[in-house]
Amino acid sequence: MIAFNKFYNHFNIVSTSLITVSLILLIFKGLNFGIDFKGGTLIELRSTDTKINVTTLRDKFSQMNLGDISVKKFGNDTDYLIKFENKDNKKNVIEEIKSNLDKSFGNNFNFRRVENVGPKVSAELLKSGVIAISLSLAIMLFYIWIRFEWQFSLGAILALFHDVIVTLGVFSLFSLEINLSIIAAVLTIVGYSMNDTVVIFDRVRENLRKYSDIKIFELTNISINETLSRTIITSVTTLLALLAIYFFGGEILKGFSLAMILGVVFGTYSSIYIANTVLVRLKVSQKTVLREDDLK
Amino acid sequence: MLYFSKLRILSVTIFSLLFILIALSNLFKVEDIFFDKKINLGLDLQGGSYLLLEIDNAPVVEQKLQNLTTTIKNYFKDKDVKINNIKIEDQSIFFNVDDQNKQLIVDTFSDQESDINPYYPRFKSHQLVIEETGLNFKVSFSKQGLIALKTSSQDQAIEIVRRRIDEVGTNEPNILKRGNNRILVELPGLDDPMRVKSLLGKTANLTFRFVTNNENDNFGVEKLKYEDGIDEATVSKRIIISGENLLDAQPQMDTQNNQTIVSFSLDRVGAKRFGKATSTGIGKQLAIVLDGKIISAPVIRDTIASGSGQISGGFTFQSATDLALLLRSGALPAPLNIIEERTVGPDLGQDSINAGMIALTIGFLLVILFMFIKYKVFGLITNVTLIINLFILLGILTLFEATLTLPGIAGIILTVGMAVDANVLIFERIKEELKNEKNNIIAFDTGYTKSRTAIIDANITTLLAAVILFFMGSGPVKGFSVTLGIGIFTTLFSVYFIARLFTSIYVSRNRDKEKLF
């Protein structure tokens, strides 16, 4: 049996600092919103001319007067991702770019993807993203509240907040782009983390009913160990699937799978080191669950 | 409880085989009248355009108020009430009246059976609201009035959008209302999205009006620019004929001077008016105005009584074709703005499919390899279950003709990763039970029972996340929630019916075996 409980205090400090640092990053550095949430235009180009490189392309684009612009390689050497504000929401901007590029480089570009999100739509998408995440946290809270005692709910929700905030913190730290698929990833993380916590909690409650003489400090450790191999196997298989998406699923799914990978790692960690320590700190005992049983 | 009845085994087998068959039917192009359902590929996988259009209703409101000022003036003129200083500002009509008429105005507008302020009997709210400050009145659209106006312009606009897209001839376009001022257009497999965009971006309001030098024209005049944006001409506001009078418009080659032109034919009313105007106006210039710009302003040389004519204006064949198309399909009631566009080229779509399939195959192989190494026989059971699970998932997607997107494929891969969770929970529980329980069958039974709450909890939480995403998410991301959500149900089914069947067979055959795992 591994003595996870030995490190409860240490990891509580770690978790607290992780959350604090993430919050500071989120407040002061902010998130790198993609065009979904900021508005603007995105173009994915593939060139058939190997002489064209990212510098010449960047120079050409900066002459076009498109506002704040970024030109980057995307995946392999012939693919480029161009993003710009399109502040005036010009209607024929893509045609202009196309004819401009044709003039300078010849007809060597394939417009693989064009996305244009107006300011109104991006504001709406951001709003519905925030609502979706808040709503999912609220529903999880409600679900766990009817399924478990309040001490458990608090633990699970703290673990959830930790996972969401720290994942977003990592995205802020490395200026990774937040787009619609990241919202999907965050929601799935919420589901996964909850899942992981509930499995351990289920065991904690079962053990609470079974043993009256074991303190919660020990009891959580027993429960973590009893469910440990399941925790590891499920995280491993989920991570295997996610790594396959990350490495082979193409550029578009990179951000999404990275967020999920982070979420699974943080989610597994928080189920052990946040959710359980809340139970310990709130001095949950057999009485807590038995009282609830009487009420039912 | 490890016993499965023959009937149950049979039905589970038939059910699984059925879905495997349905899933496989996607691979073959069979012309089958009984079953022709297929998984749809999302725009991000097959290539195509997603456009969200917003109707700019401000000009419509302006136009309606313009008409209303005339109505109000005439209505009260008949009642000998003088309306003074009537003007339009801020999407409202302002005017004032003499003191003795004030009450009459208020009464007329608030009358439930009012002639000029309708809707009350139907909506329990008038079309217009009137505010008074002293003798000054402000009339504007009520909430209900605005809704009715928006809805009707949306209805008209969607019809015109549909006609224009049908004329371009794309396969299976999807054109839907969104809210009361937006239209969603999905165009799969489009060759030239820019053309459609430029076609939808034009109001196509065509008018024929005389060029005039007389500033005191009865109908008023306005200065309009030519298409080149440089030259200008003063044009009367009197409309001779408009786009509504057109019966047909076609691009044509003018053999005399090798120009592309658009020839048109007019309806009866239009032909009559056109004939009259061309007979009285010989020598004058007739401006052909499209969306506030002059295409050309030819000099009238002869009376045209045939009701057909042609527009020239330095067209290329493409631009003449597009103009003819716009004129045939009619004018939009209001300008449309493209507020969101997502276009994926067909080759990127194919690349995404390939990448998704490779990721799915590799993810799947990694998971089943891991499970086999970890659990041996039970790993094998899990893996077979997982394969059937995958087929049932694809079968259900086929049955519902669901749209598969790239995030949707990610959802399937994630389902593969998470689907083993339930089996792992059960197997781990059984292992624990076996430590104290010598009877294999009892240990298995308890394992299944005791792990049930954890499994259900775990799946409900994921399902909740998927449901929220389904309702809040948009576009491709929605596809993720669909596969993830359906994946949960197929996983539970395959764990409790298929995997359990295999385990029960294996355990009953090895009921006395010492080490099962």
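These legends walk through several close-up views of a predicted model.

**View 1. Chain A splits into two domains.**
The domain assignment for chain A lists domain 1 as 4–33 + 121–295 and domain 2 as 40–117. Notice that domain 1 of chain A is written as two stretches, 4–33 and 121–295. How far apart are the C-alpha centres of domain 1 and domain 2 of chain A? They lie 40 Å apart.

**View 2. Two helices of chain A cross.**
Here we zoom in on helix α7 (residues 180–210) and helix α9 (residues 254–281) of chain A, whose axes come within 8 Å and cross at roughly 30°. Angles under 35 degrees count as roughly parallel, and therefore α7(A) and α9(A) are roughly parallel to each other. If you're wondering about handedness, the crossing of α7(A) and α9(A) is right-handed. Sorted by class, the residues in the contact of α7(A) with α9(A) come out as 15 nonpolar, 11 polar and one charged.

**View 3. Chain B has three domains, and here are two of them in contact.**
For chain B, the assignment gives domain 1 (6–47 + 345–509), domain 2 (56–200) and domain 3 (206–343). The C-alpha centres of domain 2 and domain 3 of chain B are 27 Å apart. In this contact, 15 residues of domain 2 of chain B meet 14 residues of domain 3 of chain B. Which elements give two or more residues to the domain 2 side? Those are α3 (58–78), α6 (143–168) and α7 (193–200) of chain B. The largest share of that side, seven residues, belongs to α6(B). By class, the domain 2 side has seven nonpolar, three polar and five charged residues.

**View 4. A four-stranded sheet in chain B.**
Read across this open sheet of chain B and you get the order β3-β4-β6-β5, with antiparallel pairing. Strands β3 (84–89) and β5 (128–133) of chain B sit at the edges, and each pairs on one side only. On average, neighbouring strands of this sheet are turned by 20° against each other, direction ignored. Now look at β4 (residues 92–96) and β6 (residues 136–141) of chain B, an antiparallel pair held over four bridges. One residue to look for is B:N96, whose bridge partner in β6(B) is B:N136.

**View 5. A six-stranded sheet in chain B.**
This open sheet of chain B has mixed pairing and runs in the order β11-β10-β16-β15-β9-β12. Why is one side of β11 (232–236) and of β12 (241–242) of chain B left without a neighbour in the sheet? Both stand at the edges, each with a single partner strand, so there is no neighbour on that side. Strands β10 (residues 221–226) and β16 (residues 293–296) of chain B pair in the parallel sense over two bridges. To spot this pairing, find B:K225, which has B:K293 in β16(B) as its bridge partner.

**View 6. Chain A meets chain B.**
The contact between the chains takes 56 residues from chain A and 55 residues from chain B. On the chain B side, β18 (336–344), α10 (346–375), α12 (406–436), α13 (440–472) and α14 (476–509) each supply at least two residues. That chain B side divides into 33 nonpolar, 12 polar and 10 charged residues.

Key. Residues are numbered from 1 along each chain as its sequence is written. Chains are lettered from A and ligands numbered from 1 in the order in which they are written. This is a predicted model: local features need pLDDT of at least 70, side-chain atom pairs count only at pLDDT 80 or more; totals for chains, interfaces and linings use all residues. Domain bounds come from an automatic or database domain assignment. Two strands pair if DSSP finds at least two bridges between them. Axes are lines fitted to C-alpha atoms, for helices over the stretch in contact, and angles run from 0 to 180 degrees between N-to-C directions. Two residues are in contact if their C-beta atoms, placed from the backbone, lie within 7 Å. Ala, Val, Leu, Ile, Met, Phe, Trp, Tyr, Cys and Pro count as nonpolar, Asp, Glu, Lys and Arg as charged, and the others, Gly among them, as polar. Angles under 35 degrees count as roughly parallel, over 145 as roughly antiparallel, 65 to 115 as roughly perpendicular and the rest as oblique. A crossing is left-handed if the near helix is turned anticlockwise from the far one by less than a right angle, and right-handed if clockwise.
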